[in-house]
Every structure is written in structure tokens, then in C-alpha cells.
Amino acid sequence: SGLSENQAGAFYTPYSKKYSIKSDVNYDRQGSHFYGFNSEDTVIDKKDINQAFNEIGAKVTIASFHKAGDEINYEGSVGYTNYSDLYEAMEHNVVLDFKAQKTVDSEVYGADFGLDFNNYSRNNEVPLDVFGLYAVSNISTNNTILKLTPNITTSGKRWYVKAGLGIYVDIADKSTFHFYPKAEAKYSFHDIFVPYIGIDGEKTRNSFRSLSKENPFILSDVNLQNTNTKYNVYAGIRGSISNSVSFNLQASRKKIYAMPLYFNDTTFSIQNKMDVLYDSLDETSFMAQVAYQQGEKLRVYLKGEYKFYSPLNQKHVWNKPALDITLSGIYDLADKILVRMDVYFIGDRKAKSLTDVEGSTFESGSYTVNQKAFVDFNLGLEYRYSKRVSAFLNFNNIISKKYNLS
């Protein structure tokens with residue numbers, strides 16, 4: 001299960017008194033190997049289970065800095081990404097975003113516009129037979145998401161209200177329109193306690209790139225559906241206990257259609273690759289986070305989240321943990337050396353298998369495997385030679401804990 005990560009990027013941003021233009025290019029390569037087969041009864045050359053994702057992208061962003069009330073302030077960007085793997089799967093993605101706002105008296109009027117075009121081409125695979133896996137043809141699919149979100153914001157000394165409407169058009173084999181409420185309100189009690197409440201929703205792109213970033217062991221030919229978060233209702237309270245300690249408590253309820261879930265494939269591979277299915281569900285979440293900061297010397301952050309899922313068709317929400325806890329800290333030694341610490345706790349998960357494997361139980365037409373909770377402890381050191389030059393060294397999973405992500 002060896003892996004590699006390579007990244008490179010460059011950007012340039014000239015500024016004037018009224019606007020800035022930022023241009024950047026990036027390259028990213030993520031390599032891995034398909035694993036999970038029995039090497040005693042299966043003979044495979046390492047190059048045959050190699051996988052690598054190559055990403056090349058460029059983006060240009062322009063933003064204005066006009067004084068409030070004088071003119072319309074805007075920020076617009078256009079970006080292109082080419083994404084491919086070693087099995088002739090490729091995506092072309094073009095994203096156009098434009099935001100504008102103008103202040104009139106105590107109100108701020110704004111609108112967000114976006115265009116997201118995605119082309120996904122790959123070999124149309126057929127099931128395994130005695131001769132192995134082979135491709136019969138190359139297929140290509142297009143999908144475009146258009147969005148327009150007009151909004152208005154008004155505020156007083158202690159309160160803030162923003163209201164808008166999200167209008168999305170999902171253009172694939174046919175066009176579908178989706179409308180989402182966008183609203184948030186908050187009130188400040190002497191800047192110590194700030195209760196807030198809101199509702200929103202969105203249409204989210206699921207691409208070969210986004211799925212493989214989350215799960216690098218997926219097939220190169222997968223079904224793509226966009227996720228529809230019909231609504232996300234949330235409420236909470238954030239504030240400060242002291243000058244050093246701040247907190248945020250939140251509860252939310254979501255209605256989600258077409259959430260991607262992963263399971264071990266048996267049709268196109270020897271169970272060392274994964275496929276994706278989509279299910280609708282309700283999600284109830286409780287989140288708590290606390291932050292401690294002592295000037296620029298020490299920062300500590302603790303966040304915990306517990307989720308309840310109610311899937312419509314599946315027995316469980318595959319490979320999604322109910323409990324997720326993160327502890328992070330940064331300590332500055334003499335303004336030259338930074339010590340970083342990250343501790344992750346991922347709770348129990350359920351995995352779906354189409355065949356009987358060790359430790360599995362048969363439920364509703366498939367096998368369920370319990371994935372145990374695990375802790376991942378990472379440590380990093382950074383040396384700042386100057387404001388422009390620094391070097392770092394990271395130690396990941398320093399307690400050498402073995403665990404399964406999927």
C-alpha cells in the first residue's frame with residue numbers, strides 16, 4: 001500500500017489602490033497501490049496495481065477595493081483543471097465565479113454567480129472474466145452547474161441578518177432547477193455570547209477528482225451524480241470565556257440526496273478497488289469546539305462532532321464515522337522554530353462487502369464489516385530562516401497505529 005505525494009505551485013499578485021490580480025498555477029501528483037488481496041494465492045506484478053492521479057491547474061482572480069458606498073465591489077475568477085489517472089480516465093473542469101456587492105445606507109446588496117463545467121472521459125469497463133479486465137470503448141459525459149445567489153445583509157450595533165436565495169441549474173442529460181433558502185441571523189451579548197441561527201442548501205459537484213481525492217482506491221469508471229443538500233438548518237452559540245479562550249457550540253439538521261458512499265468492488269477487480277453508490281439520508285449533527293490562544297506563542301484547538309444518520313436505502317452510511325475528534329496545537333519557540341501537533345480520533349464505521357469476509361455479518365442482501373476506531377498522532381517542526389524562507393519536517397502517525405480507512 002505504498003504511496004507518494006508531490007506538489008508544486010507558483011502565484012503572482014500585483015496590487016493597486018483599487019484592485020488586485022492574482023494568477024496561479026499548480027501541479028499535484030498522488031500515487032498509491034491497490035491492495036487487499038491474498039498474495040499467497042494471487043500473483044500480481046506491482047506495476048499492475050499502481051495508481052497515480054495527476055492534476056494540472058491554473059486560475060486568474062481579479063478583485064476590487066472601492067470604498068463602501070462609492071461603487072460596486074467585485075471579485076471574479078476563472079480556473080481550469082486537468083485531472084487524469086494511469087487507466088485513461090481524464091477530467092476537464094472549468095469554473096467561473098463572480099461576486100459583487102454594493103452598500104446602500106445600512107444595507108449591503110450582493111449577488112454570486114457561478115458556472116462549473118465538467119467533462120469526464122474513461123474506458124467503459126466490463127466485468128472480470130477468465131481473461132481478466134479489459135476495456136471495450138471510451139465514453140465521455142458532460143455536466144454543468146449554474147448558480148445565482150442574490151442576497152441582502154443588514155446589521156445594527158449588536159445584530160446581523162443576511163437573507164438570500166440560491167438558484168441552481170443542473171445540466172446533464174436533462175436540466176433540473178433547484179431553489180435553496182439562504183438566511184442567517186445572529187445577536188451579540190457584549191461580544192461574549194453570540195447566538196446564531198441559519199438555513200441554507202446547495203447543489204454540490206461530485207467529480208472523478210473529488211471522489212478519488214476522498215478515496216484513491218476507486219475504479220476509474222464510476223457513476224457520477226451531484227449531491228443535493230435540500231436544506232441545512234443550524235443553530236448555535238459562540239463567544240469568549242476570556243481573552244484567551246473562545247468556543248463554538250452548534251446543532252444542525254440536513255436533508256441530503258445522492259450522498260456518495262464507497263464499497264469494495266467484486267465485478268471489475270479482485271476486491272482491491274472500490275466503487276461508489278449514492279443514497280439519500282437525514283443527518284443530525286452536534287459540534288463543539290474550544291480554542292485557546294496565548295498571544296503568538298501558543299495556540300490550541302479542540303473540536304468534536306457526533307452525527308446521527310438515517311439512510312433511506314442502505315443499512316448503514318458506509319465508511320462514515322459517527323464520532324470525529326481533532327486536537328491541534330502550535331507552539332512558537334523563540335520566533336524561529338514552530339512545533340505543530342495534530343491528534344485525530346476517528347470512531348467506529350461500517351463497511352459494505354458483497355462477499356463473505358472474515359468478521360462480517362450478513363444484513364439486507366450484503367455483508368457488513370465493523371471498522372474499529374483509531375487514533376492518528378502527527379508531529380511537525382518548522383524552522384523560519386526569514387519571513388520568506390522556511391523549512392519543515394513532518395512525522396505522520398508517529399505511534400505507528402495500523403488502521404483501515406475503508
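**Exercise 1. The largest nonpolar core**

Task: Find which residues touch the most other members of the largest nonpolar core, and which elements supply it.

Solution: Begin with the term itself: a nonpolar core is a set of buried Ala, Val, Leu, Ile, Met, Phe, Trp, Tyr and Cys residues joined through side-chain atoms within 4.5 Å. Buried means under 20% relative accessible area, exposed means over 50%, and partly exposed lies in between, with a 1.4 Å probe and protein chains only. The largest core holds 18 residues, and those that touch the most other members are F208, L211, I218, V222, Y262 and V276. Next, turn to the elements, where helices (H or I, at least four residues) and strands (E, at least two) are DSSP runs numbered from the N terminus. At least two residues of this core come from each of α1, β12 (245-264) and β13 (274-294), and β13 gives the largest share, three residues.

As a further step, take L211 and list its contacts, a contact being heavy atoms within 4.5 Å. Leaving out residues up to four places away in sequence, L211 touches N206, I218, V222, L224, P260, Y262, V276 and Y278. Another core, of eight residues, lies apart from the largest one, and includes L261, L277, L281 and W318.

Two remarks on the source belong here. The model is predicted, so that local features need pLDDT of at least 70 and side-chain atom pairs count only at pLDDT 80 or more, while totals for chains, interfaces and linings use all residues. Residues are numbered from 1 along each chain as its sequence is written, and side-chain values use heavy atoms, with hydrogens and water left out.

**Exercise 2. Salt bridges**

K213 counts as partly exposed because its relative accessibility is 38%, whereas E55, at 7%, counts as buried.

Because R205 lies in the loop between β10 (193-204) and α1, and D116 in strand β6, the pair ties together parts that are 89 residues apart in sequence. R205 counts as buried at 14% relative accessibility, and D116 counts as buried at 17%.

A last pair to examine is E382 with R384, whose closest N and O atoms are 3.8 Å apart. E382 is buried at 13% relative accessibility, while R384 is partly exposed at 35%. Finally, salt bridges that share partners join D28, E55, R209 and K213 into one network.

**Exercise 3. Aromatic pairs**

Task: Say how many aromatic pairs the search finds, and classify the pair F34 and Y87 by its angle.

Solution: Rings of Phe, Tyr and Trp (its six-membered ring) pair if their centres lie within 6.5 Å; planes under 30 degrees apart count as stacked, over 60 as edge-to-face and the rest as tilted. A search of the whole structure finds 14 such pairs. F34 and Y87 stand 6.2 Å apart, centre to centre, with 55° between the planes, and the pair is tilted. Since F34 lies in the loop between β2 and β3, and Y87 in the loop between β4 and β5, the pair ties together parts that are 53 residues apart in sequence. F34 is buried, with a relative accessible area of 2%, but Y87 is partly exposed, with 24%.

For comparison, Y168 and Y180 form an edge-to-face pair, at 5.2 Å centre to centre and 90° between the planes. Y168 is in strand β8 (residues 159-171) and Y180 in strand β9 (residues 175-187), so the pair ties together parts 12 residues apart in sequence. Both Y168 and Y180 are buried. Ring pairs also link F53, Y83, Y120 and F208 into a cluster.

Technical notes. A salt bridge is a side-chain nitrogen of Lys or Arg within 4 Å of a carboxyl oxygen of Asp or Glu.
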